There are 2 protein chains.
Amino acid sequence: MLALTKKTGYALVAMSHLSRLDRGSLASAREIADLFDVPTSLLMNVLKQLASVGYVESVRGARGGYRMAVDPENVSLADLVGVLEGPVRLAECVTEVAGDDTECTCQVMANCPVADPLHRAQRKLKDFLASVTLGEIVKPAPAPTENKG
Amino acid sequence: MLALTKKTGYALVAMSHLSRLDRGSLASAREIADLFDVPTSLLMNVLKQLASVGYVESVRGARGGYRMAVDPENVSLADLVGVLEGPVRLAECVTEVAGDDTECTCQVMANCPVADPLHRAQRKLKDFLASVTLGEIVKPAPAPTENKG
DNA sequence: TGAAACCGTACCATAAGAGTGCTATATATG
DNA sequence: CATATATAGCACTCTTATGGTACGGTTTCA
Ligand code: FES
Ligand code: FES
């Protein structure tokens, strides 16, 4: 339905919380889940997934928890979506636009009249998602001067 | 998974085909479905939905069919998605950003730290989808001078 | 009258998403 | 060592959305 999944939403909230902690501080999944009223097990799953790709670091055992492993500025919405939801694709056939080469399987339609335009739109969507960094999400408010409307 | 549904894809193909016909010419659902190898019943459903909102016009009876009822330039991806898939929303709580008022139900999370930024991102996504018009999709190739990369 | 084509709706099947549970492992604490 | 805490990993269920199909009805033309 052209919407982010809840997993991505949970990841945004969790990473935003972790980003605001002091460098090196830990926060347990339970703590974060309790703070934002999200299911603990769900958040654990999401955090595990984030840890597996290196976005957050996990410390096991009592007094353990999670902490940021990368700078929020280096994580974009496109990255998160790619990790948690799979590759972004506008249409069924447009599998992924990676760099210059377009891994496309447009054989699903005989003479698809919208293949090329969709690829361009796909590229633009990917570009948009990549432009939204976690750093912007973490900031509580945008600078008033940036109020481009 | 942040992807358009097949219905939207079929709609794009069908409307693109209709747009290329002569003004007033009709094309039956069966004809279009046969042309692009899509299920006839599916395409009929999509076309009916498009007709119900006035994007295409239907002519019943033998020798009937569908034809464009609006200028392709006036139909954006955001419009199509809104009709066929429901409102665009980045997050669960961000229901819809319509004009100035943001119909938002952000009570799902206690102290959501990403509410405001997500709303801004949502606005940008909507703006992007609105910027992609059916007119651009219909064109077989972008003007070489527009090759912005 | 009959065929062609749209109309409307209801129905089913599969897939994806959302959520839960359990066991194992690692660490701090007593 | 025993225990509580907390992550790791897996598998499982449940709900919803999507994709796809079917059937009967209505309108129009030959
Ligand atoms: S089949 Fe690839 S864009 Fe249509
Ligand atoms: S609850 Fe609305 S953005 Fe998080």
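Mentor: Start with a glycine. Just after α4(B), B:Gly86 takes a positive phi of about 95°. Keep in mind that this is a predicted model.

Now step back into the helix itself. Helix α4 of chain B spans residues 77-84. Which of its residues are buried? They are B:Leu77, B:Ala78, B:Leu80, B:Val81 and B:Leu84. Around the axis they cover an arc of only 165°, so they sit on the same side of α4(B). What covers these buried residues? The cover includes three helices of chain B: α1 (6-20), α3 (40-52) and α5 (115-131).

One is B:Arg63, with phi near 65°. Look for B:Arg63 in the loop between β1 (56-59) and β2 (65-68) of chain B. Is B:Arg63 buried or exposed? B:Arg63 is exposed, and its relative accessible area is 78%. The other example is in chain A. There, A:Asp37 has a positive phi of about 60°, although it is not a glycine. A:Asp37 belongs to the loop between α2 and α3 (40-52) of chain A. A:Asp37 is exposed too. Its relative accessible area is 55%.

Next, see how the two chains meet. Chain A brings 41 residues to the contact, and chain B brings 43. Between them the chains bury about 4000 Å². Carbon and sulfur atoms account for 68% of that area. How many salt bridges join chain A and chain B? The count is 0. Polar contacts do turn up: the rule finds 2 residue pairs across the interface, both at pLDDT 80 or more.

Which helices of chain A supply at least two residues each to the side that touches chain B? They are α1 (6-19), α2 (29-36), α5 (115-131) and α6 (134-138). Of the elements on this side, α5(A) gives the most, with 9 residues. Sorted by class, the side of chain A that touches chain B has 28 nonpolar, 3 polar and 10 charged residues.

Move back along α4(B) to the buried residues, from B:Leu77 to B:Leu84. Finish at the contact of chain A and chain B, with α5(A) as your landmark on the chain A side.

Terms used:
Residues are numbered from 1 along each chain as its sequence is written. Chains are lettered from A and ligands numbered from 1 in the order in which they are written. This is a predicted model: local features need pLDDT of at least 70, side-chain atom pairs count only at pLDDT 80 or more; totals for chains, interfaces and linings use all residues. Side-chain values use heavy atoms; hydrogens and water are left out. Contact means heavy atoms within 4.5 Å. Buried area is the accessible area (1.4 Å probe) that two parts lose on being put together, summed over both. A salt bridge is a side-chain nitrogen of Lys or Arg within 4 Å of a carboxyl oxygen of Asp or Glu. A polar contact is a pair of N or O atoms within 3.5 Å; within protein, one must be able to donate a hydrogen and the other to accept it, and residues adjacent in sequence count only if both atoms are side-chain atoms. Helices (H or I, at least four residues) and strands (E, at least two) are DSSP runs, numbered from the N terminus. Ala, Val, Leu, Ile, Met, Phe, Trp, Tyr, Cys and Pro count as nonpolar, Asp, Glu, Lys and Arg as charged, and the others, Gly among them, as polar. Buried means under 20% relative accessible area, exposed over 50%, partly exposed in between (1.4 Å probe, protein chains only). The arc is that of the directions from the helix axis to the C-beta atoms.
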